[in-house]
Amino acid sequence: MVEEIAATLPDNVLEVIFSYLDLHDLRNCSLVCKNWYRFLNDENNDVWRLHCIRKLAEEALKSDLLSSVPTYKAKLRAFYHAWNPNDCSRNVYIKPNGFTLHRNPVAQSTDAARGKIGFRHGRHAWEVIWEGPLGTVAVIGIATKEAPLQCHGYVALLGSDDQSWGWNLVDNHLLHNGDSQGNYPLLNNAPKYQVGERIRVILDCDDNTLSFEKNYEFLGVAFRGLPDKRLYPSVSAVYGNTEVSMVYLGPPLDGLSNCCANGCILFSR
């Protein structure tokens, strides 16, 4: 009887009801009936728009930072995966837009940050945009919760131990367990990163690999044999006042489905 009533409610009524619910409740609502699932699966309806307005800074919504996630639901998903203000070096803060970290000009320090959500299952992609000078070391990649977030000196912190894997954009070296894992990408005279370029990071927890794309060109698998641990988007930087943005995209757009770590409707696609 309840399902029959739910199935007959018009979209304008559903819009009013759902706009008052939190994300956990919306997930439960999507399981009630096909009509509610259909409505909530529309990533650009007013329910997701209102949640975006409430959670995201106006600066983020109006800038081109989120141009790779065009729907309201995708923007909201990206916000919940962005840099974690409670999981970064004390010399780093997250800007009001919610997506960009700023490294303070502290001498003889290397500083790192992790995303809010780590992954152990499925396939995930996110973009990293370095929006300031790289300095002598600028590393992007992944790390477990055990990886350090700050150390003395100017070093490749991400990739300095067995809990992190990184690509140093300055010299195109892959780093893990304190050692260089070779040049990347495997191209003759591979071009260096240009500030402002978007690098797509692709983590495949099913195949245990980490790969990168630049300018929509797949650069190949960077790391294989990743451990069965929760892995977080990460970055480490040394240059004062440099800024790095991260935008979570969801599963790679190659037709394969994603297994979300927490099963929330917001993170399904």
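Q: In which loop does N44 lie?
A: This is a predicted model, in which local features need pLDDT of at least 70, side-chain atom pairs count only at pLDDT 80 or more, and totals for chains, interfaces and linings use all residues. Residues are numbered from 1 along each chain as its sequence is written, and side-chain values use heavy atoms, with hydrogens and water left out. Helices (H or I, at least four residues) and strands (E, at least two) are DSSP runs, numbered from the N terminus. On that numbering, N44 lies in the loop between α4 (34-40) and α5 (46-55).

Q: Is N44 buried, partly exposed or exposed?
A: Buried means under 20% relative accessible area, exposed over 50%, and partly exposed in between (1.4 Å probe, protein chains only). The relative accessibility of N44 is 41%, so N44 counts as partly exposed.

Q: Which residues does N44 touch, not counting residues up to four places away in sequence?
A: A contact means heavy atoms within 4.5 Å. The C-alpha atoms of N44 and K73 are separated by 6.6 Å, although these residues are 29 residues apart along the chain. Leaving out residues up to four places away in sequence, N44 touches P70, T71 and Y72.

Q: Is N168 buried or exposed?
A: N168 is found in strand β8, residues 164-168. Not counting residues up to four places away in sequence, N168 touches V137, A138, V139, H173 and L175. With a relative accessible area of 5%, N168 is buried.

Q: How many helices and strands does the protein chain have, and why is it as compact as a globular protein of that length?
A: The secondary structure comes to seven helices and 15 strands. The radius of gyration is taken over C-alpha atoms, and the globule rule is 2.2 Å times the number of residues to the power 0.38. The protein chain is as compact as a globular protein of that length because its radius of gyration, 20 Å, is close to the 18 Å that the rule gives for 269 residues.

Q: What share of the residues of the protein chain count as buried?
A: Along its principal axes the C-alpha trace spans about 65 × 35 × 30 Å. Among contacts between residues at least 6 apart in sequence, 66% join residues at least 24 apart. Of the 269 residues, the share that count as buried is 54%.

Q: How far apart are the end C-alpha atoms of residues 61-253?
A: UniProt lists these residues for "domain: B30.2/SPRY" in an unreviewed entry; such annotations may be inferred rather than shown by experiment. The span is 6% helix and 44% strand, and its end C-alpha atoms lie apart by 23 Å.
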